[in-house]
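Colleague: I would like to learn how to read the packing in a model of this kind, one feature at a time. Could we look at it together?

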Amino acid sequence: MNSDHLGTAGAPDAEALSDAMRTAATGVQAPAGLVQGGLARGRRMRAVRRMQIVGASLAVVVAAAGGTLALTAADGGSGPAATVGRQPTVTVASPTAPVPNVPRLSAQQVWEALKPLLPPGSITNVQLHEPVWDDNPHKMQSAAGVSFVFDPDGKGAGEVSFSIKPTSDLAAYECPDYTGTVATCSRADLAGGLLIELRKDREYPVSATTDDGKAGSEGRGAWTHAANLRLANGFGVTMYSTSTPTDKSGTTGRPAAVLTLEQQQAITSAPVWQSLAVPGSLPTRQATPAQGAGNGAVPENVGAPTATTAPSGTGWGSGTGTGKG
Amino acid sequence: MATDPDEFLEFATARSSQLFRTAWLLCGDWHLAEDLVQTTLGKLYRSWRRVRSADSPDAYARTVLVRSYLSYRRRRSSTEQPYGSLPDSAGREIDPALRLTLLKGLAELPPKDRAVLVLRYWEDLSVEQTAQQMGCSAGAVRNRSLRALAKLRTVLGGELHLLTAA
């Protein structure tokens, strides 16, 4: 390993860690029977799912039969007295239930709301990141977001990412100790119950020398500006900008990230995010989309916000909810 | 026309070794890694039609693996942090000190922090890709990466030379 890989104090920086992982893991061989074991589990899982479907279908049939009998009795038929007046109230969440076209927050909606807030500049390589929904109702498993390459002045592009998601991780709003370093961090309470943390750091982060004398690191790579904003209702709005168009590029790029911290504070604290992030408007989730990762490339018709995609104050717009990725 | 098992077996055979190594770095335990990969393959087979039509079945598989690992760690919230569990015959000759030092450091990290490091520096994913696979924001990935690297520095202390001499 090259000593250039080491941080200021010989710390195992990212490249050293990457090398160590490869050295350690490439010697690991998968056990025999791994694939066949996985196939056997998959077959069992399919069998269980079939059983669940059959059970749910039977429950629906029983419920329907109960309702028919009740109706028959109410009409003067000869049905058992015990069924008179019984309501078919079986509510089984069938795995095969059709997925309703429910509205939900989409990456497209976030992008349409974000574009008018950006300063003038060149935008390329836009990637939408659709949220994944948990099985629990009202819960987003991953953020709705967008990333793109932005050049505000023709002096070099940087990467920008923006996301919005319910968050309970308050540790994300704690400033690291940057004493005596080039990095900065501030945290403030804003009007309306907003909490914001603004951070300037490097891609391979800066760390301060500890009280017990352990040397810190000056960091390396692109300059980064981060704005982490927490809304009063628990949603988190995060915006990053960097000084290079790709991560892990190995260069510093521009002398500073493409957006200032002040710009990022203004964007993340814009009222539009509070109207988008309304927990009560989240729909009950009806089916689980695919879990795979995938970035949706922006369709070519991404342009000015339209009436159908512009966020309203009450709902989640017209997201497709396909949950790709 | 290939049947589901044929297609699945072809995919699983090609990808199982890499999935196993990723699982081993995530959990640090050979037997648990085997269990995680088999669970992952089982889930992939159960939903194979959806998997094969995904943009990237590889990414899909990795996502299932990482979430299976995180789900396991949530259920097993005990202090058990196995590391260094590897049969003698499991691999070719690798410096055991390096392996133990690496796993010792990773074992001290919270599961999500560990997953971030494995995805970024073993799978070589970008911040955005890591965020997608873990189901969190890019900001959370950057924050976790920062914390995890700092913790690793603290944990490894005098044993750093074993890692950096790899």
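Colleague: What covers the buried residues of H7(B)?

Modeller: Before that, a word on the source: this is a predicted model, in which local features need pLDDT of at least 70 and side-chain atom pairs count only at pLDDT 80 or more, while totals for chains, interfaces and linings use all residues. Residues are numbered from 1 along each chain as its sequence is written, and chains are lettered from A and ligands numbered from 1 in the order in which they are written. A residue is buried if 20 or more other C-beta atoms, placed from the backbone, lie within 10 Å of its own, and two residues are in contact if their C-beta atoms, placed likewise, lie within 7 Å. Helices (H or I, at least four residues) and strands (E, at least two) are DSSP runs, numbered from the N terminus. Here, the cover of H7(B) includes E1, E2 and E3 of chain A, together with helix H4 (57-75), H6 and helix H8 (138-156) of chain B. Of the 8 residues of H7(B), 8 are buried, among them Glu128(B) and Met134(B), and just after the helix Gly135(B) takes a positive phi of about 70°.

Colleague: At what angle do H6 and H7 of chain B pack?

Modeller: Two packed helices are described by the angle between their axes and the distance between the axes. With axes as lines fitted to C-alpha atoms over the stretch in contact, and angles running from 0 to 180 degrees between N-to-C directions, H6 (residues 111-121) and H7 (residues 127-134) of chain B pack at about 135°, their axes 10 Å apart. That makes H6(B) oblique to H7(B), the term for angles left over once those under 35 degrees (roughly parallel), over 145 (roughly antiparallel) and 65 to 115 (roughly perpendicular) are set aside. Lys112(B), Ala115(B), Val116(B), Leu119(B) and Arg120(B) of H6(B) make the contact with Thr130(B), Gln133(B) and Met134(B) of H7(B).

Colleague: Which strands does E3(A) pair with by 7 bridges?

Modeller: Two strands pair if DSSP finds at least two bridges between them. E3(A) is joined by 7 bridges to E2(A), running antiparallel, with Ser161(A) as the bridge partner of Ser147(A); likewise, 7 bridges join E3(A) to E7(A), again antiparallel, and there Val160(A) is partnered by Ser241(A). E2(A) and E3(A) form a hairpin with 6 residues between them, and Gly154(A) in the turn has a positive phi of about 75°. Since 8 of the 9 residues of E3(A) are buried, the strand is largely enclosed by the rest of the structure.

Methods. Buried ≥ 20, exposed ≤ 12 C-beta atoms within 10 Å, placed from the backbone.
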